[in-house]
Each structure stands twice: as structure tokens, then as C-alpha cells.
Amino acid sequence: MRLIVTRVTRRFSSVALSLFISMSIFMGSTPYPIHGAGIAWSDLLKSTWAGYKQRFIYCGDPCAKAQGLVHDPSTGYTSVSEGIGYGLLMAVTMNDQATFNDIYQAAEQILLDKLTGLYNWKVDQAATIIGFGAATDADQDIAVALIFAEQRVKAGEWQQNQRADNAYGVRASALIDALYRYTLYQGKYLLPGNKWLGNGMDITNPSYFAPAWYRLYDKFQNTTRWQAVIDQGYTSLYANEGAPLGLAPDWMSVDGQSASEFCQKIGIPADGCKFEMTYDAIRVPWRIGLDCLWFSEARACEWSKRTVTFLHSLKNPVTDAKMFDMAGQSVIGYQDELMLGMWLTAAIAAKDEALQNKLSLRLSDFTGHAAKDGFWGSKPDSGQYYFSQSLAWFGVAMLTGDFKNLYP
């Protein structure tokens, strides 16, 4: 469908094209953005995925002892479980089983904590664990990627993993059980990780709240136990001071207040406990937008609409779409590809086609290196940061409709 749109835009009348876009939305797909930039977004997804693999996964001597993990050149080629989740989601989206298996097996061999069934969160370039305990968001992403991989097997697109205990669906189910056991308190409060204090109430991370994933867990295991996590997560999200604007902080208490006092008590520095929407909470528009787009959750769609309304209130809703405090004041002086990718998801979820097209046009300013060099961003060193490359990629994959729910 995306190919058809690309071809027909040159000769369809505006009325016919508007009808085509409306039909695409009705059928549940994300329409190809129509604007004057002439960007072949799907082609750039492929080239940046190729660049991502080269820079972060198959990166030669700097990561030779931990090949297959997703490395971070900017920190001396350390690896974190968050990167594993992103890499697996990207690989299964791109139907790239070989890379999926390489990442998966490296994670099982190097990061897996066999006592809990979760993944330790950080290793150095020598594959030595330097961060014990799980990061909840990472393991949640890994579990969904495994569900999608199992679905590709059932669809006849992939071959099953040969080791029975590592079969995609078997491992997905075991990981979901481990998440439920070790990263929840009272079956509904989400802990940032299995070794975190605070019982998910004194401190929580809104960008770890992934309601679309929890619905997939319940569907995959034929349970309803994650519904309580969904309900509590939305209650907390809407309780925070930025909720009227569709904004959320990096860290907060379960009732939406700053967690700084608790952080001071347990020795977390202020920069790691921000009550602002920066490099953690920038993922909230994506996490919540997916629940709107995939499951038509009213609370998610309302949140996305609030976010978009806030962006429209800015002097320039495109170039000013950056990072904010909970009153909507900018806290950062620049804009990059990952911010645009995440805000773009909110516009798609809110079905604001005008803003979607403007944001995608702005994002095209960050594609100068994408086709030739395989990375997003306007700076020569942009390709050194797996985090920004991942989030920009997900935003574009939402734009093209490539990132979709593979579970029926």
C-alpha cells in the first residue's frame, strides 16, 4: 500500500488522495505521509537498519567478545539490555531472523540471570556484567519481540529456534512470568527493575509503562492478570502534574509527584531522578500511542490528543517540539531526531494528519546521512548513539506502518 501511495501522489487529484488516506486510516494502517519532501521513508528504514547493525551489533574488534549484543560506542562499547530490546524489535519488524537470532543468543549467553529468568542490565565490551539486576522496560520489549518472532514462525516466515528451551514462544512465556513475579508489587505497581527499592510506589518510570505490551502478554498467555497493571499505570500517568498537557516526567511517585526526596534517601543523583520530560519520558508518546493505535484504548487516545493539543499551543509546534517540564516550559535548547520520532507517534495516534506531515517534513531535515551512511541525524557523530538511532527509527517505522502488531 505504501508503494501505491508513493506512485499515485503524482497523478491523483487532492480529493482522490484524501479519500485514499481516509480509507487507509479506516482499515487500520498508517498512511504514508504526504508532503513535499519526497522522502522514501521505507528505503531509509532499510538503510538505517543496515547501518545500525554495522555500528552497534557487528562492530568488529571493539565488541568482539560480545558480538551480537547492541553496543554503545559513546560509552566504550558497553551494552545494556535496553539495546537488546530495541534491536530485537527492529529485527523482527524488518523480518531479519539471522540478526534476531544473533542478538537473542548473545543476550541468553551473556546477560541472562538464570535465577530470575530476567536479563542483567549492563555489560562491558569484554562481556563482563557490570550492572546486575533487570531493567523492566528492556525485558518487556524483549518479551514482545519474542512473541512476534513466534508469530513469524507460525506464519511460516521463520524457522523455529532449534533449542527447545530457547524456542521463541517458550522463552516469551517464561520471561512474561518472570516479569510478573519480579517487577511488579501487589500485581499492579510497576518497579523500574527487580532490584529497585520503593515497591513501585515511591518511584516509578512512566516510560516503562507499556500497556500495549501487557495486552499482548495477556492474549499470548490467555490471562487477564496484566489488566490491573494497565489500570494502575493509567491512573498514575493521569495523576502527574503534566497530564493536562499530555506530558509525563522521567521519574515520579505512583501518585504523580516528584520522587526527588526518595531518590535523595537512597542515593540516586538528581540528574537520574528528573521530574521533567527528558530522555526517559520522551518515549511516553510512543508507548501510549501504540495502545491507542493497536487497541483503541480510550485513555491512550485521549492522552495522545492532549499531547498534540499541547504541541499546537507552542509558538512553533514543529521546531519547538523538544523536551519540557510539567508546566510545558522547554528545558532543552536543541532538537534532534529522536524527539521528532517520538512526538510524531503522538500525531499519528491522534490522527492529526497536518501535524504528522509537518513533523515528518521536519524529520526529513535529519535524514542527510540516512541513505549513504546509515544513520539518522544532522551531526557527523549522530550515528554513535544507539538510543537516539533506535527511537528515531521507531518513529519512522510508525510513520510508514512497518512497525505493527504481528500478533493476531
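Counting bonded cysteines along the chain, the disulfides follow the pattern 1-2, 3-4, 5-6. A disulfide here is a pair of cysteine sulfur atoms within 2.5 Å. The model is predicted, so local features need pLDDT of at least 70 and side-chain atom pairs count only at pLDDT 80 or more, while totals for chains, interfaces and linings use all residues. Residues are numbered from 1 along each chain as its sequence is written, and side-chain values use heavy atoms, with hydrogens and water left out.

A search of the whole structure finds three disulfides. One of them is formed by Cys59 and Cys63, with sulfur atoms 1.8 Å apart. The link of Cys59 and Cys63 is right-handed, with 135° about the S-S bond. Burial is judged by relative accessible area: under 20% is buried, over 50% exposed, and in between partly exposed, using a 1.4 Å probe and protein chains only. Cys59 is buried at 12%, and Cys63 is buried at 0%.

Another disulfide joins Cys263 to Cys273, at 2.0 Å from S to S. Its torsion about the S-S bond is about 70°, so the disulfide of Cys263 and Cys273 is right-handed. Cys263 belongs to helix α10 (residues 260-266) and Cys273 to the loop between α10 and β9 (276-277), so the pair ties together parts that are ten residues apart in sequence. The elements named here are DSSP runs numbered from the N terminus: helices are H or I with at least four residues, strands are E with at least two. Both Cys263 and Cys273 are buried.

Cys292 and Cys301 are also joined by a disulfide, at 2.1 Å from S to S. With a torsion of about 100° about the S-S bond, the disulfide of Cys292 and Cys301 is right-handed. Cys292 is buried at 5% relative accessibility, and Cys301 is buried at 18%.

The next topic is the aromatic side chains. Rings of Phe, Tyr and Trp (for Trp, its six-membered ring) pair if their centres lie within 6.5 Å; planes under 30 degrees apart count as stacked, over 60 as edge-to-face, and the rest as tilted. The whole structure holds 31 aromatic pairs. Trp286 and Phe403 form a tilted pair, 6.0 Å centre to centre with 50° between the planes. Trp286 lies in helix α11 (residues 284-295) and Phe403 in the segment after α16 (386-400), so this pair ties together parts that are 117 residues apart in sequence. Trp286 is buried at 0% relative accessibility, and Phe403 is buried at 4%.

Phe310 and Phe324 form an edge-to-face pair, 4.9 Å centre to centre with 90° between the planes. Phe310 is part of helix α12 (residues 298-313) and Phe324 of strand β10 (residues 324-325), so the pair ties together parts that are 14 residues apart in sequence. Both Phe310 and Phe324 are buried.

Trp286 and Phe403 also belong to a cluster linked by ring pairs, together with Tyr86, Phe148, Trp213, Trp294, Tyr386, Phe387, Trp393 and Phe394.

On a 1 Å grid over the protein atoms alone, a cavity is a set of points where a 1.4 Å probe fits but cannot get out; a pocket is an open set with protein on both sides within 12 Å along at least five of seven lines, and lining residues have an atom within 4 Å of a point. Grid points are joined across faces, edges and corners, and a volume is the space filled by probe spheres set on the points.

The structure holds one cavity of 30 Å³ or more. The largest cavity has about 150 Å³ of space. It is lined by 15 residues, and the closest to its centre are Leu190, Thr204, Phe209, Gly233 and Ser236. β8 (189-190) and α9 (227-239) are the elements that give two or more residues to this lining, and α9 gives the most, with five residues.

The largest pocket has about 1100 Å³ of space. Of its 43 lining residues, the closest to its centre are Asp72, Glu82, Tyr279, Tyr386 and Phe387. Tyr386 and Phe387 are also members of the aromatic cluster. The elements that give two or more residues to the pocket lining are β2 (78-80), α4 (81-93), α13 (337-349) and α16.
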